Amino acid sequence: MRSDLRALCERRPEILANAGHGIEKEGLRVSPDGYLSSRAHPAQLGSALTHPNITTDFSEAQLELITGVQPSAVACLNELDQVQRFVYSQLGDELIWPTSMPCMLGEDDSIPLGQYGSSNIAQAKTLYRSGLGVRYGRLMQTISGIHYNFSLPDAFWDALAEATGLGDPIARRDQRTTAYFDLIRNFRRHAWLLLYLFGASPAICRTFIGERSHSLATLDNGTLYLPQGTSLRMGPLGYQSDAQAALHVSYNSLADYAATIVRALTQAHPPYREAGVKKDGEFQQLNDSIIQIENEFYGAIRPKQPTQPGERPLLALKRRGVAYVEVRCLDLNPFEPLGMSLSDALFIDTFLVTCLLKESPADDRTESERNATNQRDVVTRGRAPGLTLMDDTGPVALSAWAERILDDCAQTASLLDAAYGGEGHSAAVRAQRAKVWDPEQTPSAQVLRALEDQQVPFFRFAMNAAKAFAASAAEKPLSSADMAYFTELATRSLSDQASLEAAEQLPFELFLRDYLALSEEALA
């Protein structure tokens, strides 16, 4: 580990407390028979455009539940639980699909795009989703996950700046950004471990494949699977882009990262150009670039900075540096009502801080390719006995490399336990180590075992879980005060959307031109 950072945290473990935590949990709304809902986003949930906690992702039927920034994993999961219980109370006979791989789906064009109203920004959001459908197919976009946002507290950055003698605000901002990119590089080297430990999508409903070619095995008439796979969501059937795969994204600095994103935003991709920005005179994608906007860039982790009204994410990063990281490689755990457990969250905290505290050499194209190969191998056969991956020295057994990472995590967990009190982080590391010793304890293995034990196809397994979670939520209704709070929040969001729509609007094409324009500041 980096001796300077570790020594600082050992002297003052309290500077690790009150880190920022946030969760974005996706989940499909489904009808009582398990098909994707054809209903509009429920009005009683508020506006998908302006509600701070409840929106939609790609599809009108794909809920996204968002927490605020909380000072602990416990508080974050508690807020998510509150939001989700309110949503359940408003869904009537519909259910929330509990797995990352989707429910029963119809034809690709039957999947409804998210709708956000008549304002220009609302139309742009729907058009962006139309473009995703043009580029990747709508089917792929129904895959759901849970995104985990994390930031070190101000006390940590203040202590680091003091220890290194930095007083200038710009220098302190740059120090924070450099440290987050150190974290990101290490995360990318070791992200395969999270796919092994938390991958929960080794099987899918046969309807997801349809007539497409695949290399999956048949488990039963309704289920396809990879016997030793972990996360089909993170493999070739999931969030993958051939256009983006050709990019080498360097995370050595904000400048290097931004340069790649600018290239992706400004360089046309021939197949997207051939498809056309417009079809029959109507917009079908925002543009023909490799990525339409920054959010289209797929990655296991992203550097993030909250945007101000009208500000592009890339410009926010360049102006104010990295404020937090967004972990995007986590499957929904179908055995957990919230998609993840507190132990899972505490381990992810520990893993991220470990990535920050370790030495983090510069990356290059060779390492990026090695990272991608390791990810592919763990996705497709992560539980295979004796599986070998590649680190910077050559072949290494997955189990041996995992033990080394977990040894580092155990040291970090002691620091976090000292900061927060108790031994929750250390217990979380022990729980993950048990999965390395016994792959049958991984969620991916548990899913396959449940299919076998229950003698049901994937679809029925997921439906049973969806019904059980809905019933559990009904047994624990919100208090009258909490119910009133969320009802008022929904009402206010609808009013906010109406105000946006009542304001004077530019013609959409002019708005879109300005919306997509990258300023000289962003391009610099």
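Predicted model: local features only at pLDDT ≥ 70, side-chain atom pairs only at ≥ 80, totals over all residues.
**Stop one: Ser426**

Start by selecting Ser426, which you will find in helix 15, spanning residues 424–437. Is Ser426 buried or exposed? Its relative accessible area is 16%, and because buried means under 20%, Ser426 counts as buried. To see what surrounds it, leave aside the neighbours within four places in sequence; Ser426 is then in contact with Ala413, Ser414 and Asp417.

**Stop two: a pair of rings**

Next, turn to the aromatic residues. The whole structure holds 17 aromatic pairs. For one of them, select Phe508 and Phe511: the ring centres are 6.2 Å apart and the planes meet at 25°, so this pair is stacked. Both residues belong to helix 19 (residues 508–516), where they sit three residues apart, about one turn of the helix. Phe508 is buried at 17% relative accessibility, and Phe511 is buried with a relative accessible area of 17%.

**Stop three: a cluster**

Now select Phe181, Tyr251, Tyr257 and Phe297 together. These residues form one aromatic cluster.

**Stop four: charges over rings**

Finish with two views of a charged residue above a ring. Select Lys125 and Tyr116: Lys125 lies over the face of Tyr116, 4.9 Å from the ring centre. Then move to Arg212, which lies over the face of Phe208 at 5.1 Å from the ring centre.

Note on methods
Residues numbered from 1 in each chain as written. Heavy atoms only, no water. Helix = DSSP H or I, 4+ residues; strand = E, 2+ residues; numbered from the N terminus. Buried < 20%, exposed > 50% of the residue type's maximum accessible area, 1.4 Å probe, protein only. Contact = heavy atoms within 4.5 Å. Phe/Tyr/Trp six-rings, centres within 6.5 Å; stacked < 30°, edge-to-face > 60°. Lys NZ or Arg CZ within 6 Å of the ring centre and 35° of its normal.
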